[in-house]
Amino acid sequence: MRSQDEWDMRMLDMAMLVASWSSCYRAKCGAVIVQDKRVIATGYNGAPPYQKNCKEIGWCYRDKNNIKSGTQLENCRATGCHGEQNAIANAARAGHATLGATMYIYGNTDICRMCRGQVASAGIARVVYEDKLGGMHEAFPEKDWTVHPVDK
């Protein structure tokens, strides 16, 4: 039997693979949702279904218009389709409950406010993420995300 740390690293490796599928020029983020040591959904950042992504078009609107990272997210083709959001949507489309699940994320130095809200609303109990420098972080939304960042 593998230890929790070994399992976490294996799932983070999977999230890194999923991140490589991203169609975004700026960021490669992947997410894996696990329930009872079973993968129920994956997601990566890119355009929503039925819309062309940056790779298909061949350029990034935000790069072309010198839009600073983290701002004017509504002008990004991946709006609403960050890796975390995509994984939650894919779980819902497949009929998998996320209540009590663990989400593994690769590619972010932190989780954006929109994704934090959706992860918490989906009832995901634990979040493990590895930043681009290899640092591993763990959060429990019910305990760690109780204060909105604007209230700090």
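Tutor: Strand E1 (residues 30-35) pairs with strand E3 (residues 102-106) in the antiparallel sense, over five bridges. Strands here are DSSP runs of E with at least two residues, helices are runs of H or I with at least four, and both are numbered from the N terminus. Two strands count as paired if DSSP finds at least two bridges between them. Within this pair, Ala 31 stands opposite Ile 105 in E3. The model is a predicted one, in which local features need pLDDT of at least 70 and side-chain atom pairs count only at pLDDT 80 or more, while totals for chains, interfaces and linings use all residues. Residues are numbered from 1 along each chain as its sequence is written, and side-chain values use heavy atoms, with hydrogens and water left out.

The E1 and E3 strands belong to an open sheet of five strands with mixed pairing, in the order E2-E1-E3-E4-E5. Strand E2 (38-44) and strand E5 (136-139) stand at the edges with a single partner strand each, so one side of each has no neighbour in the sheet. On average, neighbouring strands of the sheet are turned by 15° against each other, direction ignored. Axes are lines fitted to C-alpha atoms, for helices over the stretch in contact, and angles run from 0 to 180 degrees between N-to-C directions.

Helix H4 (residues 83-93) lies across E1, E2 and E3, and runs at about 130° to E2. Contact means heavy atoms within 4.5 Å.

Around the sheet, the protein chain has six helices and five strands, and its elements run α-β-β-α-α-α-β-α-β-β-α from the N terminus on. The radius of gyration of the protein chain is 15 Å, close to the 15 Å that the globule rule gives for 152 residues, so the chain is as compact as a globular protein of that length. That radius is taken over C-alpha atoms, and the rule is 2.2 Å times the number of residues to the power 0.38. Along its principal axes, the C-alpha trace spans about 50 × 35 × 35 Å. Of the contacts in the protein chain between residues at least 6 apart in sequence, 59% join residues at least 24 apart. Buried residues make up 40% of the 152 residues, where buried means under 20% relative accessible area, exposed over 50% and partly exposed in between (1.4 Å probe, protein chains only).
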